[in-house]
Amino acid sequence: MTSAATRPDVKRGTIPVFATATAITVSNIYFTQPLLDEIARGFGIAPSAAGLVATTGQIGYALGIIAIVPLADTVRLRRLSILLLAVTATVLLAGAFAPSVALLSMATLILSASTVLPQVIMPTVVSMATPGNAGRVLGAVGTGLTMGALLSRTVAGLIAEATGTWRAGFVIAALVTGALLLVLPRYMPDDRPTSTGASESYLHLLASLPKLIAEHAPLRLSAALGATVFAAFSAFWSALAFHLTAAPISLGPAVIGLFGLFGVPGALAARYSGRLTDRWGTRNVNVLSLTSMLLAFALFGFASQSLIALAVGCNLLGYGTTSGQIANQARIFAAPPTIRARLNTVYIFAVFAGGAVGSAVAGVLFSAFGWTGVVLSGLGFLLLAGVVLVGYALRAPRAAGRTTVAADTLEKHAEDDGRVGDISSRR
C-alpha cells in the first residue's frame with residue numbers, strides 16, 4: 001500500500017506505523033472510562049468523585065489540541081513526537097502510583113494534553129501522500145484512530161479484571177506508549193514543515209486561528225459537519241448504557257462493556273471511504289456518511305429493544321462517523337502544508353465541542369423522554385448537518401462564478417471536491 005499511496009522518499013511501512021501509533025496514543029484518552037468504578041472503590045470515594053478522572057481527561061485533550069497541535073506547522077515533527085511520547089509514558093506511570101484521586105486526575109489532565117499525537121500525524125501523512133491518494137492514507141490512519149477509541153475500553157476492562165486492580169491498565173499503557181519511542185520517531189519527518197513557518201512565533205500561531213476560520217470556507221463547512229455528526233454519535237453512546245440496563249433488555253455491566261466491539265466492523269469498513277473520497281469528492285462522502293447515520297438512528301428508534309438491530313446500528317453509526325471525519329479532514333488538508341496543523345486544530349476542537357453538546361443534550365432528553373428522546377436528538381443533529389451541507393452546496397457554484405479563472409478557481413474547485421493530492425502536487 002505505502003509504495004503506491006506515498007511519495008518514493010517516504011520510508012516503507014510508514015502508513016501502518018502511523019495507524020498503529022494513532023490507535024495506541026488515542027487509547028490513552030478513553031481507557032480510564034470503564035475503570036471509574038474500580039478507581040472509586042480503590043480510593044474509597046463516591047463514583048461521582050471518580051468521574052473527575054474522565055472529565056479532566058477530556059479537558060486535557062482539548063487544551064492539548066489548542067496549545068500543542070498548532071506547533072506542528074513550525075517545529076521539527078520528530079522532536080515533537082519524542083517529547084510527547086516521553087511525557088505521556090512518564091505521566092501514565094505516575095498515574096499508576098497516584099495516592100489520591102486528585103493526583104490521578106492531575107496526571108490524567110497532563111497525559112491527555114500530551115496525547116494529541118494523532119492530530120499531528122493526520123496532516124503529516126497527507127503531506128506524504130502521492131497526488132490523488134490523500135483520502136486513502138487518511139482512511140488508513142483514521143481507522144487506527146477509531147479502533148483505538150473503540151477497543152481501549154474493552155481491553156482496559158479485561159486487564160483490570162485479570163489483575164484485580166485499575167492500576168495495571170496505567171502501567172501497561174505506559175509500557176506500550178514508551179515502546180513507540182523506539183519506532184515512531186524514525187518515521188516522522190526530521191525537517192521543519194516549511195522554512196517560512198519556522199519564523200512564526202508561538203503566540204502568532206495561536207492568534208492566527210480565528211483568522212483561519214474567517215478566511216477558509218472549507219474549514220467552516222468541515223467544522224460544522226464534524227461537530228453535528230459527532231454530537232449525534234456522542235448522544236447515542238452516552239445514553240446507551242442506561243438504555244441497555246433498563247427493562248426489558250436489562251444487561252449487566254460486563255456485557256455492556258463488550259458492546260463497543262459491535263462497532264468494529266463498521267469502523268474497519270470506513271477505511272475504504274478514504275479511497276471513495278479520492279474518487280467521488282468530499283461532498284459525496286459526506287452524503288454517504290449522513291445516510292449511514294440516519295439509517296442507524298432509524299434502527300435505534302424502530303427496533304430499540306432488539307440487540308441485533310442495535311448492533312447493526314452501531315456499525316452504521318461507526319461507519320458514518322469515521323467516513324465523515326475522513327472526508328472533512330481531506331477537505332481542509334487541501335490547503336497549503338504551512339497551515340494544515342492549525343486547520344486541524346480548529347476542526348478537532350469543533351468536533352469535541354459538538355460531542356460535549358451531544359452528550360449533554362442526550363442526558364437531558366433521556367431523563368425527560370427516555371430512549372425516544374435520545375433518538376430524536378441524534379436525528380436533530382443529523383438534520384442540522386444536512387442543512388449545512390445543502391446550504392454550502394447551493395452557495396458553492398455562485399462563489400465559483402465570482403472567482404477569476406486561474407489558480408484561485410482551481411484551488412477552490414479542488415477544495416470543494418476533496419481532490420487534495422492533485423492540488424497539493426501543483427503547489
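Q: Does R41 count as buried or exposed?
A: This is a predicted model: local features need pLDDT of at least 70, side-chain atom pairs count only at pLDDT 80 or more, and totals for chains, interfaces and linings use all residues. Residues are numbered from 1 along each chain as its sequence is written, and side-chain values use heavy atoms, without hydrogens and water. Buried means under 20% relative accessible area, exposed over 50%, partly exposed in between (1.4 Å probe, protein chains only). With a relative accessible area of 52%, R41 is exposed.

Q: Which residue forms a salt bridge with R41?
A: A salt bridge puts a side-chain nitrogen of Lys or Arg within 4 Å of a carboxyl oxygen of Asp or Glu. Here the closest N and O atoms are 2.5 Å apart. The partner of R41 is E38.

Q: In which helix do E38 and R41 both lie?
A: Helices are DSSP runs (H or I, at least four residues), and strands are E runs of at least two; both are numbered from the N terminus. An α-helix has 3.6 residues a turn, so residues three or four places apart point the same way. E38 and R41 are three residues apart, about one turn. Their helix spans residues 36-43 and is α3.

Q: How many salt bridges does the count come to?
A: One joins the side chains of R7 and D9, at 2.9 Å from N to O. R7 is partly exposed at 30% relative accessibility, and D9 is exposed at 58%. The total is four.

Q: Where does the salt bridge between D73 and R342 reach, and how many residues apart in sequence are the parts that it ties together?
A: The D73 and R342 side chains meet at 2.7 Å, N to O. D73 sits in the loop between α4 (47-67) and α5 (77-96), while R342 is in helix α18 (residues 340-369). Both ends are buried: D73 has 2% relative accessible area, R342 has 3%. The parts tied together are separated in sequence by 269 residues.

Q: How many aromatic pairs does the structure hold?
A: Rings of Phe, Tyr and Trp (its six-membered ring) pair if their centres lie within 6.5 Å; planes under 30 degrees apart are stacked, over 60 edge-to-face, the rest tilted. Ring pairs link Y61, F230, F233, F236, W237, F297, F300, F352 and W371 into a cluster. The number of pairs in the structure is 12.

Q: Why is the pair of F236 and W237 classed as it is?
A: A pair of aromatic rings is described by the distance of the centres and the angle of the planes. F236 is buried at 0% relative accessible area, while W237 is partly exposed at 25%. Their ring centres lie 5.1 Å apart and their planes stand at 80°, so the pair is edge-to-face.

Q: What kind of pair do the rings of F236 and F300 make, and in which helix is F300?
A: The ring centres of F236 and F300 are 4.2 Å apart and the planes are at 10°, so the pair is stacked. The pair links distant parts of the chain, 64 residues apart. F300 is buried, at 0% relative accessibility. F236 is in helix α12 (residues 217-245), and F300 is in helix α16 (residues 282-302).

Q: At what distance from the ring centre of Y187 does K11 lie?
A: A charge sits over a ring if NZ of Lys or CZ of Arg is within 6 Å of the ring centre and within 35 degrees of the ring normal. K11 lies over the face of Y187. Its distance from the ring centre is 5.0 Å.

Q: How many residues of α17 are buried?
A: Helix α17 has 26 residues, 307-332. The expected span is 1.5 Å times one less than the number of residues. For α17 that gives 38 Å, and the end C-alpha atoms are 38 Å apart, which agrees. The helix is largely enclosed by the rest of the structure, because its buried residues number 22.

Q: How many residues of α2 are buried?
A: Helix α2 covers residues 14-30. Its 17 residues should span 24 Å, and the end C-alpha atoms are 25 Å apart, which agrees. The rest of the structure largely encloses α2, because its buried residues number 14.
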